[in-house]
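Please have a look at it first, then read on.

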Amino acid sequence: MAEASATLDLADRRREADQPHSLVVRFSANNPLRLDAGLDISPLQIAYHTYGTLNADRSNAVLVCHALTGDQHVVNTHPVTGKPGWWETMVGPGRPIDTERYFVICPNVVGGCMGSSGPASTNLATGMPWGLDFPVITVRDMVRAQAMLLDHLGIDSLFAVAGGSMGGMQVLQWAASFPRRVFAALPIATSTRHSAQNIAFHEVGRQAVMADPDWRGGRYFAEGTNPRRGLAVARMGAHITYLSDAALHRKFGRRFQDRENPTFSFDADFQVESYLRYQGITFVERFDANSYLYLTRAMDYFDLAADYDGVVANAFRGAETRFCVISFTSDWLFPTPESRAIVHALNAAGARVSFAEITTDKGHDAFLLDEPELFAIVRGFLDGAAKARGLPSSRR
Amino acid sequence: MLMRLNHDLTMAEAARGPGGARIDLLVVADMVRTGARVLDVGCGDGELLQLLESRGVDGRGIELSRAGVNQGVAKGLAVVQGDADTDLEDYPNDGFDFVILSQTIQATRQPRVVLEHMLRIGRYAIVSFPNFGHWRIRRQIALGGHMPHTHNLPYAWYESPNIHLCSIRDFRQLCLVCGAKIEQAVALNAWGGRMRLKMPWWFWNLFSEQAVFLLSRGS
């Protein structure tokens, strides 16, 4: 496996949460974020990155929504890990979300740990990170905060909103909450509600974090500990759900790691074990354990129909947004029937919708990977939408 | 199950209008008025939808084959992967002005149910299909004693997706059963051209290779 990436100690983590390596907007105390939980976040801070240029009539903005463990560093080298941006295959000059045509904005979600208000941010009242005193947030809260960012940037209407997984939930929430602000929506590998199975997986992850004695009831910053092992186990478990049986077999099979025979011990004999351990270790260096609790919780609470009399279609009634829903054959975390349910709801609402299922063995993570068919579909969909919006055609 | 004969309509493929569009698709498109909302069931790679959108029609498509869907979406069309036999029931009443089933009805499991759904979802239904009453087909069965094999129907009987073939006469009877009113019917000859002369139905049934029907809900 690759060499260990850069590490963040707790002080670095706090610095990244308060003074991130990206653009930041700090709202004043009289402009709070009103939460579904009935509380306010004030003052609200949103960290974000932009790529490309906003055109004169402000009609070419694309909001990219990141997934559970993503952040605002879509294209640029990650300031902590030094790795390429998480969606640089999709976003960039000449890419399907072409930064030569579109002005791309990606904010870190509220509850995250890369510079937007979250449990790792400093609570001004105590001078220490919020920890579990941070209010529980929802996907709708994330979207509301993003809307505040767009107001701040003077962008009234988005050309497109795109994202996969938790990012896709935000896309759906955007289209439901602010239909007139979204011209085109690209929800990828997502669902209108988090399934019982997915809540179950998340609960296992959270319990792993909380079972780590270094978690200290969420006060590990104050106590100078870091629940590395718990968060790593949570990540290992979650990572399996992002892949597929076929992909794991293709990549690792039953092959041994740097040995010919089993050691008759609990070392990482198998390549797949070694890989998962690596995934766990590298994750804890860049992610905050409490943030993981908050964001998984937000996904669990997501149920779009609940706000619309139990009928998803009601969320999209009268919407003029064009949708392109995409799923992957081997995704068992957000399987194709979940996307079909979105499509059925959109059809029932009379919305303009495209839907494609892409054949791949890469599982849920396929939306982040090199999938030429995905790129062709996103490019085609956005080209069609750009034409309808009157944006100039691609120079390529 | 449901496969559109896009790649098999060799004669019709050869018959293309001035804009390069297939004549059978042009006939269908001519029945749709500008600005209408259209659902194309079994839209293939989106050729008809593209033609319609170029004429200012708000088009949506359903297509079973993944390749077709992805080609359509990549062209900027609104295409959904789905099956005419199972997915039409998810569409609301009166959601569209026209629902089109082009060269597909013979491959559906339940043509009657599909047609009834079309007339429920759209104010008008347009159905085009290969005419099984054509004299060549009759000759092959009557004299050759085997299942017909033509340019429109190129499959051997044991691998054909076409499980519900019908003649123009049969289709008119289905319209009667479904309570559909025939607003317009166009027959295409062996060269994909329109049979312009006003002829009796038996003549069309014998000499046209394809037919296109514009239907509305009966009273």
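What percentage of the 396 residues of chain A count as buried?

1. The share is 53% of the 396 residues, where buried means that 20 or more other C-beta atoms, placed from the backbone, lie within 10 Å of the residue's own.

2. A word on the source: this is a predicted model, in which local features need pLDDT of at least 70, side-chain atom pairs count only at pLDDT 80 or more, and totals for chains, interfaces and linings use all residues. Residues are numbered from 1 along each chain as its sequence is written, while chains are lettered from A and ligands numbered from 1 in the order in which they are written.

3. You will find 12 helices and 14 strands in chain A, taken as DSSP runs numbered from the N terminus (helices: H or I, at least four residues; strands: E, at least two). Its C-alpha atoms fill a box of roughly 65 × 50 × 45 Å along the principal axes.

4. Do look at helix α3 (residues 166-177) of chain A: 11 of its 12 residues are buried, so α3(A) is largely enclosed by the rest of the structure. Among the buried ones are A:Met169, A:Leu172 and A:Trp174. The cover over them includes β5 (61-65), α2 (139-153) and α9 (289-301) of chain A.

5. Finally, chain B meets chain A through 16 residues from chain B and 22 residues from chain A (contact: C-beta atoms, placed from the backbone, within 7 Å). On the chain B side, α4 (66-74) and β3 (78-81) each supply at least two residues, and α4(B) gives the most, with 5 residues.

Technical notes
Contact = placed C-beta atoms within 7 Å.
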